[in-house]
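Welcome! Open your viewer, get ready to select residues, and follow along stop by stop.

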Amino acid sequence: MSPDLFRRRARWALGVVSRGRWVIVAVFLLMLAPAITYLYKAERLYAARVSVLIEAPDIGDNLLERSYGKSRLNEAAVQTEADIMQSRALAEKVIGKLDLDQDPEFNTTLRPPSLIGEILSAINPLPYLVGQTSGEQALSPEGKDRVLRSRIEGMFLSRLLVTTSRRSYVVTIDFTANNGEKAARIANTLADMYIVDRLDVSLEETRRANQWLSQRLEELRHDVAIAEQAAEGFRSKHNLASVRKGDRQQSVLDQQLVELNSRLVLARSDYAQRQARSAQLRAGGAVETSSDVLQSSLIQRLREQEASTQRELSEALKSYGEQHPRIIGLRADLQELRSKIGQEISKVGVSLTADTEASRAAVQSLEQQIKDLQKGSNTAGEYELQLRELERQAETSRSLYESFLGRYKRDAEQENIQRANARVLSEAAIPVRPSSPRQMRVIALAFMMSLVGGVGLVFLLDRLNGRIRSAEEVEQITGLPLLASIPRVKSAKKEALTHAILDAPRSGLANAFRSLRAVLDAPQGGTGRQGDKVTLVTSSVPGEGKSFVSRNLAMALAAVGRRVLVIDGDLLRPTQHLLCGVAPERGLTQALLDPALDPLSLLIRDERGGFDLLPAGTIEVFSGNALASGHFETVLATLASHYDRIVIDASPCLATTDAQALCAVSDGVVFVVKWNETPRDAVLAALAYLDKVGARVNGIALSQVKLPANGRGGYGSYGYYGSYDGYVKN
């Protein structure tokens, strides 16, 4: 949208609003009156708010070994708690505690009947159409009481508003009542009852869980006893005794096999050592150097004695001879000792051989025992598998029993330390100002609705009006420019309007016709000629002011020294001679009927206006084909040579065909439209007729424009004559 078009649309909208300002005021008053009545009659309500913080449970679940934790408290959980706060069950508890069923605010049956309610009940035809007995009347007393309580709860819940906040665990409770103290008391009681209810529910759930755990423990204890008895009975039946070694359970056979294997390993090692020493002796090894000999204490003592005797012998040889008795005795003792040593060494060899055989026998014995035990173990394998299965079942039952027993003891202790996991963050204060009705909001809403409705109604009426009231409408509807806006002139006497522009040359009316003269005198684009010589003034319907426009246009042209002639071409309703104050018997009609008659002899001079007038003449001899006979062109040619400008006051286009006939001899047409009066369809139809006969319409003259509205509303861009009067003084 171009800036110029936007400005024009804005001026048009402001004009429409300015013209319909009284409609807007009326709509505002009509909307304001119900709003004020509502504010005066409406019940004053007070809202109290209490905030409750929802905390996550910090105890484990009664049945599952996991904790709720903070992660379990999400938006869905908080919203669930908010729904609990506005549940009927909690509302019923609050109503019962505060005896709200005896409050007329909630129990409508306690209210005194209103006159309007009685009138509506009396004129209500529904009971007569469907029968006198309604569904509620057919209820039992208990059913009626339940219906009444349901209504009280519904009324209570309608005053309750529970809201949650995202990214927060705080729930706000708003309660509205007709008394601020009552609203605060109900809101605080609701929060307290919610916390108590949550604690009761937690305790009840824990109690029920403990009862179930107690019953389950008895069943598990019985299952453990049966499983253990079955395992022990199977072990005893098949002699599958077992011993515990460390953390492992072993059978007797397995333990014996382990011990025999350990002993067999030791026996084989000992046998191998003895066998190696025996093999060394059999291979000719020195017995004296064997470990058994070297380790023998007796042999060691004998060798010590041998060494001592040998030293004595050596000492004695130094002093005595070979045949000395002492030498002979020492040699005999030495020989005896060596003999004993030899005997002992022989005994060690024999003993080593015997020990080797004993070790071999022991190894064979252990191997045989192990083989016998392995045969027994293979026989008891299947029984061991069955026994282990029975033991596993017993162990599983025992573990489950111990787990439930520990959980039962823990929950039994927690039953005495339950907490609600919710607390009141801020109690409701007593409101001192009513929350409803909100006066400023109601008044602002009424103002906005009245403003929007009034402006909308003004634009709707403007569209439905079908009248032309601005330059934009003229150009938009007709496609022709607005030549001038001629203001309406109020006068008690019609004669005062005869020379109005001459009597008040500084008025808006005079300026409007001067503007019209300037537009018509402007050079025509592309033609090279200075204005039109013959100008036809017409309209669509009678009473639009075309004769007034024709006369004043002639006076405006004569004021600048032009020789001007006004031809009264409206043969059905001539008015120009009346404005001049004469009653001629001859005129245009006679000139058209008598070609020999000189038209100049029929002219009337308006000395004050400065122009000549060719009246219509008597209409008794009028013929409808007079203007179409072709004589008018001759008359006009005779008159044109004596005048600079000729203005023809033609009849309305939709009344007769005279205007169409006169268009053939006219240079241009000024189409007069009465402001806020002429229908748009009539204007378009008249212009269509003129277009069919080839008339060149210069533009539209908007007549009888109401100056105050025009001046305030901006009816177009051609002459704001409403403000002209404030610029100059007459």
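Begin with I567, F632, I646, F671 and L690, which touch the most other members of the 45-residue largest nonpolar core. A nonpolar core is a set of buried Ala, Val, Leu, Ile, Met, Phe, Trp, Tyr and Cys residues joined through side-chain atoms within 4.5 Å; buried means under 20% relative accessible area (1.4 Å probe, protein chains only). Next, select helix α20 (residues 631-640), which gives the most to this core, with five residues. Helices here are DSSP runs of H or I, at least four residues, numbered from the N terminus.

A word on the model: it is predicted, so local features need pLDDT of at least 70 and side-chain atom pairs count only at pLDDT 80 or more, while totals for chains, interfaces and linings use all residues. Residues are numbered from 1 along each chain as its sequence is written, and side-chain values use heavy atoms, leaving out hydrogens and water.

Now click on F632. Setting aside neighbours within four places in sequence, F632 is in contact (heavy atoms within 4.5 Å) with I567, L588, L592, L627, I648, L662 and V665. A second, separate core has 34 residues, including A82, M85, F156 and A187.

Move on to S359 in helix α12 (residues 325-414). Is S359 buried or exposed? S359 is buried, at 7% relative accessible area. Beyond neighbours within four places in sequence, S359 is in contact with D270, Y271 and R274.

Last stop: show R88, A91, E92, V94 and I95 in α4, which meet S150, I152, E153, G154, F156 and L157 in α7.

Terms used:
Buried means under 20% relative accessible area, exposed over 50%, partly exposed in between (1.4 Å probe, protein chains only). Helices (H or I, at least four residues) and strands (E, at least two) are DSSP runs, numbered from the N terminus.
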